[in-house]
Amino acid sequence: MSKARMVSLIGAPTDVGASDRGASMGPEALRVAGLDAGLRGCGLTVEDLGNLSGPPNPGVRKVDGYRNLTEVVAWNGAVYEAVHAELIRGRLPILLGGDHSLSVGSIAAVARHCRDTRKSLRVLWLDAHTDFNTRELSPSGSLHGMPLSILCGFGPPELAAMGGARPAVKPHWVRQVGIRSVDAGEREFVHAQNLEVLDMRCVDEIGIRRAMEIALDDMDEDGHLHVSFDVDFLDPEIAPGVGTTVPGGMTYREAQLCMEMIADTGRIASLDIMELNPALDVRNKTAIITVELVQSMFGKSTLLRERPRTPRALALQHEYGP
Ligand SMILES: [Mn+2]
């Protein structure tokens, strides 16, 4: 069971940090797919706060290494305030992206709250990409490829010092799962910063269960688990509605197990759902699958189970029926 049973949905309908347009429609697609009712079905109390507002996407090319920096800063300021306010109210904020640059505001607010309440923070980053670019390393200058490096202190001060501490997040608080596309210079930087990356090769070799055990290992009893879920974590076969598809992502079953293992920790306290792009989707199927997975993250399961069954219990179940 999750700690906070009261969740707040916060829509951030923008794609100012992305290279492709369309993630700005993500929040509405998640609502249309039934996110609110789906979460209520998991026993949560849900309040939909509607959408934040901010500047339109000017479609700027790179200026000083960044695209649309002014707009990204404005949107992140709004996200920061909204997420922080919900945490103070004792609620679990769910940010509906929007492109992944908005996780700077979201996680800076979470980190601030954890400092103020003396809780340790674990950030679980589910993504096809490490999102650890800098303006020197990024080929595109799009800020949705940089949120984690910014949170770790590398980036423009308007973003990297958001929340009053730079860095907001230490690399060893972070675990990344699902990674399968990293730019050349970014790869060196991720290595130099000692980021814990459980990439797809790792998942192939040790299996998703073991990878997630490592990702969720060693959390403090009352620690705060933040999940930043980029929908491109999923394989494009099941989730075509993202701007940056990379083949070889999580299958439906692997993703379900990830989410169920997150639920089992009972520690999820904030969530970002990012990069859903309805302009590239097929009949909203990516939004629908995302809602199903988020339900599993909040404890929807096939069986009534307190904890994973032992082999003995499973054997008995086969013998005698449930
Ligand atoms: Mn991402």
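View 1. The expected span is 1.5 Å times one less than the number of residues; helices (H or I, at least four residues) and strands (E, at least two) are DSSP runs numbered from the N terminus. This is a predicted model, in which local features need pLDDT of at least 70, side-chain atom pairs count only at pLDDT 80 or more, and totals for chains, interfaces and linings use all residues. Residues are numbered from 1 along each chain as its sequence is written, and side-chain values use heavy atoms, without hydrogens or water.

**View 2. A kink of about 110° in H8 is centred on Gly207.** The bend at a residue is the angle between axes fitted to the seven residues ending there and the seven starting there. Buried residues of H8 include Met200, Ile208 and Ala215; buried means under 20% relative accessible area, exposed over 50%, and partly exposed in between (1.4 Å probe, protein chains only).

**View 3. Four residues supply the protein donors of the manganese ion.** His100 (ND1), Asp127 (OD), Asp131 (OD) and Asp230 (OD) lie 2.1 to 2.3 Å from the ion. Donors are N, O and S atoms within 2.8 Å of the metal (3.2 Å for Na, K and Ca); water is not among the atoms, so sites may look incomplete. Both His100 and Asp131 are buried.

**View 4. Helix H10 is largely enclosed by the rest of the structure, because 10 of its 13 residues are buried.** Gly299, whose phi is positive, near 100°, follows H10.
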